[in-house]
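Let's take a walk through this structure together. Please keep the sequence and the 3D view open as you read.

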Amino acid sequence: MKFGIFYELQLPRPWEAHSELKLFQDALTQVELADKLGYDTAWEVEHHFLEEYSHSSSPSVFLGAASQRTRNIRLAHGIFQLTTNHPAKVAAHVANLDLVSRGRVELGLGESASATELDPFGVKFEDKRAIWEDAVRCLIPMFKDEPCEYDGPHFQFPYRNVVPKPLQKPHPPLWVACSQLDTIEYAGRRGMGALGFQFVSADAAHAWVHAYYNSLTRRLDKLADYPVNPNIALVSYFMCAKTDEEARKRAEGLTFFQFALRFYGQSANRERPRAGTVNVWEKFEEWKNANPEAVQTALRGGLVGSPDTIRKKLRKFQSSHCDQIILLNQAGKNSHEHICESLELFANEVMPEFHAAEPAHQEWKRQVMSREILLDELDTSAHKDRFGKTLAAVQPNVAVAAS
């Protein structure tokens, strides 16, 4: 099993003069530390206009900076929005990052989360899947060592040669954002890695891994001419400390992340409240103070605890054959110092066991891809709640928002 770290660059109010400066510099220091500790991947999202929840509007800049402070860790777009970026711009940014990082890019592709993000770019929420698929078809030929042209329903591109070209050939591995669980099966059908931006139990992971690999091996339908990237990665809340009690105390920001997703999903098309009108942190504080038991239940559900506690939980995920667990540590007001201590303790006391088992997992995957192992078609209908029932119990009328 591999391990990634994950960044939305969250910044709850109140904001001070240099709050964003500290946020970005601390995050870069954390990625540099993760590289030294042997983590596999650093994932950075792209979001626009989502105050407090995500201040990460230009991941290629952040990852470019990280590339010069690291040597081995893979630098991953998780994701690049194809609905708000022209494919030629995406191809150019990705190639540049791949060159400055010496071939360490992973390319996650997504649609965007809400009308709040899409409307300013002239994109209708109901059109985003069709635009995304057309963008993929337009994008992939741009990585080839020759000019290309494209004429599709949403993108028209004249005969041009997009330069530079990425170091990795034919291009960095492709992933698709799976903000809704059903998209995991869709990712397999499209032959891309599945970025599971949801928080699921080990039982749910087992079912969705089966759904993903069965879709990939039995119902493959690629959008364009690209290599298959058979990988499924799942995000989990994360805070490692010497004791379970200390870890839960340090991990309050993780429940802010969960609360903000629910809070921002109340309206149609996941449209956010009018800019500047809501203090999400204050709303979170109100909810937290009124629901202390729900907060603790939420924290017990993720990879939050001592090394021994987290190790036991990870063994369950390992048995489901997840390829990568992406650790969500930077959230809410979790402190830089606690994040760094968490990364270091986990890397020293937990990660080696699961890294050592990676060859066995790759052999399992080889047998699945070659159909030597045939996975059961499991029913996933019982595993479609992205967060579990914790917050839904106290916010019954709040819909789920996409990351």
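**A guided tour of the model**

One stretch calls for care. Over residues 387-403, pLDDT stays under 50, although the model has 49 contacts beyond four places in sequence for this stretch. Where pLDDT is low, the predicted coordinates should not be read in detail.

Now find strand β2, at residues 41-44. Both of its faces are covered: Thr41 and Trp43 are buried on one side, while Ala42 and Glu44 are buried on the other. β2 pairs with β1 in the parallel sense, over 4 bridges. In this pairing, Glu44 of β2 is the bridge partner of Tyr7.

The structure holds 19 aromatic pairs. In one of them, the ring centres of Trp43 and Trp175 are 5.2 Å apart and the planes meet at 85 degrees, which makes the pair edge-to-face because that angle is over 60 degrees. The pair links distant parts of the chain: Trp175 belongs to strand β7 (residues 174-178), and 132 residues separate the two partners. Both Trp43 and Trp175 are buried.

Rings also meet charges here. The charged end of Arg13 sits over the ring of Trp15, at 4.2 Å from its centre. Likewise, the ring of Tyr186 has the charged end of Arg129 over it, 4.3 Å from the ring centre.

Next, look at helix α13, residues 336-349. Its 14 residues reach 20 Å from the first C-alpha to the last, close to the 20 Å expected at 1.5 Å a residue. Which of its residues are buried? They are His336, Ile339, Cys340, Ser342, Leu343, Leu345, Phe346 and Ala347. The cover over these buried residues includes the strands β1 (2-7), β9 (232-240) and β11 (324-328), along with the helices α1 (19-37), α12 (307-319) and α14 (351-356). Phe346 also takes part in an aromatic cluster, which it forms with Phe3, Tyr39, Phe238 and Phe354.

A last stop is His210, in helix α7 (residues 202-218). Is His210 buried or exposed? Its relative accessibility is 10%, so His210 counts as buried, the cut-off being under 20%. Leaving aside residues up to four places away in sequence, His210 touches Leu375, Asp376 and Leu378.

Conventions
Residues are numbered from 1 along each chain as its sequence is written. This is a predicted model: local features need pLDDT of at least 70, side-chain atom pairs count only at pLDDT 80 or more; totals for chains, interfaces and linings use all residues. Side-chain values use heavy atoms; hydrogens and water are left out. Helices (H or I, at least four residues) and strands (E, at least two) are DSSP runs, numbered from the N terminus. The expected span of a helix is 1.5 Å times one less than its number of residues. Buried means under 20% relative accessible area, exposed over 50%, partly exposed in between (1.4 Å probe, protein chains only). Contact means heavy atoms within 4.5 Å. pLDDT is the predictor's confidence in each residue, from 0 to 100. Rings of Phe, Tyr and Trp (its six-membered ring) pair if their centres lie within 6.5 Å; planes under 30 degrees apart count as stacked, over 60 as edge-to-face and the rest as tilted. A charge sits over a ring if NZ of Lys or CZ of Arg is within 6 Å of the ring centre and within 35 degrees of the ring normal. Two strands pair if DSSP finds at least two bridges between them.
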